[in-house]
Amino acid sequence: MKNALITGITGQDGSYLAELLLEKGYKVYGLMRRKSVVDYGNVDHIKDKIHFIYADMQDIVSLITAMKISQADEVYNLAAQSFVATSWDTPCTTADIDAIGVTNMLEAIRIVKPEARFYQASTSEMFGKVQAIPQDETTPFYPRSPYGVAKLYGHWITKNYRESYDMYACSGILFNHESERRGLEFVTRKITHAVARIKLGVQDYVELGNLDAKRDWGHSKDYVRAMWLLLQQDHAEDYVIATNETRTVREFAEAAFKAAGIEVEFEGEGVNEIAKDKATGKVVLKVNPDFFRPAEVELLIGNPAKAEKELGWEREISFNELVERMVKNDLAIVEKEIKSAN
Ligand code: NAP
Ligand code: GDD
């Protein structure tokens, strides 16, 4: 039996990865942050199978202790302040967690168990103002947010520990991946949750920012499989994980309304753009400039050819299935809320 340590286990990816590793027979340890009200987040349903350790990415002592307790063979570093928009509000905390936190974890491994294998959750946000289309492992980086800049440090320090200490340390450069467990503030889940509320009559419209931004969206369940594969190779290397398809936020919204049986049409431009329900003529989407970012990543589309060829990775959940699963899940959640309120 192998031991795995997952930082960020309560988040979206942490929960799917924990399920995958438990299925594979790993003993799974997960880092928890202390909160005033105990909250297991997305792993509440499997909490009895996980060995929780209270720790924080900003506290290297707690990470050293976590390594001593877990004696992890594989460490998956998924913990992060992961919401790009908030990184302009808390740039220093974002850097402490997403940049220095990676060094803290790498040092804890180096001190306690240097032979442990390390996965770093790198991101397509590092490509930012993209220098090539599509983006792959050779594309130069140009981050456009404090989050992207911090993650770029995490990416390079991982590579540096690999080269300096011959550690098995690697990064998955993952493009956007979503799921039924996505945080409510990310655009996909914000849309599917609002669509469910609009469909069930408890909300009139959703307000969004830049509808022209393009993202390469996959499902988290497919992407955590890639994380595991990255740690099972003969030697450590970095890989891009993506679908090689890109769509605008507008297209995601259109697909989500369609999945709920609402056909929409868009009219107007820029901040005056709206979408109406074709059947009723009601406005169901408005643009609100408050959701625009100080600097935007306009276009992401990844080329996962290296991962497909060398890792045998491929995504199984299509864009349409992703949207349908998220809308169906939110319809069930909102329906339940309505019933319990009555
Ligand atoms: P998420 O749902 O926001 O989860 C983030 C996790 O990090 C949570 O468990 C959170 O714990 C934990 N965390 C935050 N600050 C911490 C700290 N100081 N110490 C310890 N734990 C801390 O994120 P996700 O979507 O699963 O993403 C997982 C990782 O992949 C992140 O590093 C993200 O930046 C990266 N990534 C994500 C995507 C994507 O599209 N989802 C793409 C590329 C890379 P609490 O529950 O206590 O808040
Ligand atoms: N959140 C949000 N809310 N985004 C909006 C909105 C809105 O109301 N309206 C438009 N957008 C646009 C954003 O400007 C951005 O261009 C795009 O939708 C996606 O935003 P998010 O869903 O917040 O994700 P992200 O792409 O910024 O970051 C996610 O993906 C990265 C990988 O590329 C996060 O999961 C990061 O942690 C991850 O690294």
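Reader: How many residues surround ligand 1?

Author: This is a predicted model, in which local features need pLDDT of at least 70, side-chain atom pairs count only at pLDDT 80 or more, and totals for chains, interfaces and linings use all residues. Residues are numbered from 1 along each chain as its sequence is written, chains are lettered from A and ligands numbered from 1 in the order in which they are written, and side-chain values use heavy atoms, leaving out hydrogens and water. A residue counts as near if one of its heavy atoms lies within 4 Å of the ligand. The closest are T10, R33, S82, Y147 and K151, and the number surrounding ligand 1 is 26.

Reader: Which element gives the largest share of the shell around ligand 1?

Author: Helices (H or I, at least four residues) and strands (E, at least two) are DSSP runs, numbered from the N terminus. The largest share, 3 residues, comes from β5.

Reader: Which residue has a backbone N or O atom 2.9 Å from an oxygen atom of ligand 1?

Author: A polar contact is a pair of N or O atoms within 3.5 Å. The backbone atom at 2.9 Å from a ligand oxygen belongs to H177.

Reader: At what angle do helix α5 and helix α7 pack?

Author: Axes are lines fitted to C-alpha atoms over the stretch in contact, and angles run from 0 to 180 degrees between N-to-C directions. The axes of α5 (residues 187-199) and α7 (residues 249-259) are 9 Å apart, and the angle is about 35°.

Definitions and conventions
Polar contact = N/O pair within 3.5 Å; in protein donor to acceptor, adjacent residues only side chain to side chain.
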